[in-house]
Amino acid sequence: MTIRQLELEVMRYDPEKDEAPWFQNYSVPCEEDWAILDAINYVKENIDTTLSYRWSCHMMVCGSCGMMVNGEPSLTCKTFIRDLPDKVRIEPLENFPIERDLVVVLDDVMQKLHKVQPYIIRKDAPPQDKEFKQSPGALEKFKQYTMCINCMCCYAACPQYGLNQNFIGPAALALAHRYNLDSRDQGKSQRLDILADHDGVWDCSFVGACSEVCPKHVDPAAAIQQMKIDGAMEWWKQKLGFPGGES
Amino acid sequence: MAIAKKAVVWGLFAAGGTLSSFIFPALIALFLLVALGFTPDGLQYEHIYAFAASWLGKAALFIVLFLSLWHAAHRLRVVFHDFGVRKDGLIATAVYLVATAGTVMTAFYLYSIN
């Protein structure tokens with residue numbers, strides 16, 4: 001196996017000791033097929049046990065290992081060293097407070113995910129003794145939005161979230177859209193209060209970076225634009241006295 | 001239900017953006033054509049004037065100009081926000097006032113073409 005020497009420049013920060021974040025360099029002998037996460041694991045196991053970062057599955061499922069790799073929000077288990085130069089800078093996800101080293105505080109986004117009511121809301125009673133029926137076509141409408149693994153790369157890429165932390169943001173809005181589009185759901189008008197509010201979809205200026213960086217190919221930017229259309233139509237419906245839109 | 005007022009201006013912005021993305025490339029192509037010395041008959045002054053004097057022409061020109069003005073106004077507001085200017089209330093008032101003035105002027109001048 002060929003070994004390639006990679007120079008990792010890793011951001012370190014211990015809020016109890018450091019006044020400001022700083023960079024530490026590690027020289028890592030990498031195998032050609034390694035992902036950046038392998039290189040970071042090598043550092044933790046062989047060079048510096050004090051380095052803190054999150055990871056779990058190493059297979060693009062858990063969404064824990066999102067970091068900035070050479071300035072790009074990336075899932076480090078999916079970012080391979082063969083696609084990178086010999087010097088790589090690793091930083092915690094942009095737009096979030098740092099808890100320690102590469103670990104960020106995700107409380108804000110967790111609250112927002114909860115706020116958009118990401119579950120099936122029924123006004124009628126669910127079918128008794130039988131399943132909800134859903135056609136493949138109806139499933140296709142929202143399926144891509146179910147692929148989100150909450151890695152939060154989209155929040156790190158979003159310039160609007162960087163400017164206004166009250167903005168609900170890409171992943172939570174895409175998740176809301178996933179339930180709005182679900183044929184079993186009846187909670188669209190209930191969610192509209194949050195989604196079409198001042199800090200909801202309108203703050204998005206359609207830069208589209210969220211969709212570009214998404215490692216699971218979800219398209220939050222499209223979800224947000226579609227919800228803007230819904231919100232604008234609903235506003236006119238209400239002003240003109242039409243009955244409220246219901247899914 | 002709390003739908004923010006931004007829904008209205010965003011609606012005009014989206015409609016204006018969609019419309020102008022079709023109209024303006026065609027206009028640029030036509031201007032280039034005229035500049036290079038090819039003026040199709042339909043682009044002669046009398047024909048354009050007759051178009052603007054008809055009610056259908058007035059309506060079409062009003063819709064294009066009105067929506068484009070509001071698209072530009074809202075885009076400018078967002079650009080200021082993106083550049084980090086934190087005076088959204090003031091900027092929104094200014095850009096929408098210009099768009100309103102432009103809309104009124106468009107209506108007035110189109111009405112006065114006979």
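Predicted model: local features only at pLDDT ≥ 70, side-chain atom pairs only at ≥ 80, totals over all residues.

I begin with the cores. The largest nonpolar core holds 71 residues, and those touching the most other members are A:Leu8, A:Ile36, A:Ile90, A:Phe96 and A:Tyr155. Helix 6 of chain A, residues 170-180, supplies the largest share of this core, with 6 residues. At least three residues come from each of domain 1 (3-104) and domain 2 (107-240) of chain A. Setting aside neighbours within four places in sequence, A:Ile90 is in contact with several residues, including A:Leu8, A:Val10, A:Phe23, A:Ile36, A:Met68 and A:Leu102. Apart from this core there is another, of 10 residues, with B:Leu67, B:Trp70, B:Val95 and B:Tyr96 among them.

Let me turn to the aspartate. A:Asp101 sits in the loop between strand 6 (98-100) and strand 7 (103-104) of chain A. Is this residue, A:Asp101, buried or exposed? A:Asp101 counts as buried because its relative accessible area is 2%, under the limit of 20%. A polar atom of the A:Asp101 side chain lies 2.9 Å from the backbone nitrogen of A:Ser52. Beyond four places in sequence, the residues that A:Asp101 touches include A:Arg12, A:Tyr13, A:Thr50 and A:Pro92.

Next, the backbone. Most residues other than glycine have a negative phi. A:Gln117, not a glycine, has a positive phi of about 55°. A:Gln117 belongs to the loop between helix 2 (107-115) and helix 3 (136-143) of chain A, and is buried, with a relative accessible area of 12%. A:Phe206 likewise is not a glycine and has a positive phi of about 55°; its place is in the loop between helix 7 (188-195) and helix 8 (209-213) of chain A.

Finally, the interface. How many residues of chain A are in contact with chain B? There are 20, and they meet 15 residues of chain B. The area buried between the two chains is about 1600 Å², with carbon and sulfur atoms giving 64% of it. On the side of chain A, A:Leu163, A:Trp202 and A:Trp235 lose the most area to chain B, together 34% of what that side buries.

As for polar links, the count between the chains is 1 salt bridge and 4 residue pairs in polar contact. A:Asp203 forms a salt bridge with B:Lys6, with the closest N and O atoms 3.1 Å apart. Helix 9 of chain A gives the largest share of the side that touches chain B, 9 residues.

Note on methods. Residues numbered from 1 in each chain as written. Chains lettered and ligands numbered in written order. Heavy atoms only, no water. Helix = DSSP H or I, 4+ residues; strand = E, 2+ residues; numbered from the N terminus. Buried < 20%, exposed > 50% of the residue type's maximum accessible area, 1.4 Å probe, protein only. Polar contact = N/O pair within 3.5 Å; in protein donor to acceptor, adjacent residues only side chain to side chain. Contact = heavy atoms within 4.5 Å. Core = buried A, V, L, I, M, F, W, Y, C linked by side-chain atoms within 4.5 Å. Domains from an automatic or database assignment. Buried area = accessible area lost by both parts, 1.4 Å probe. Salt bridge = Lys/Arg side-chain N within 4 Å of Asp/Glu carboxyl O.
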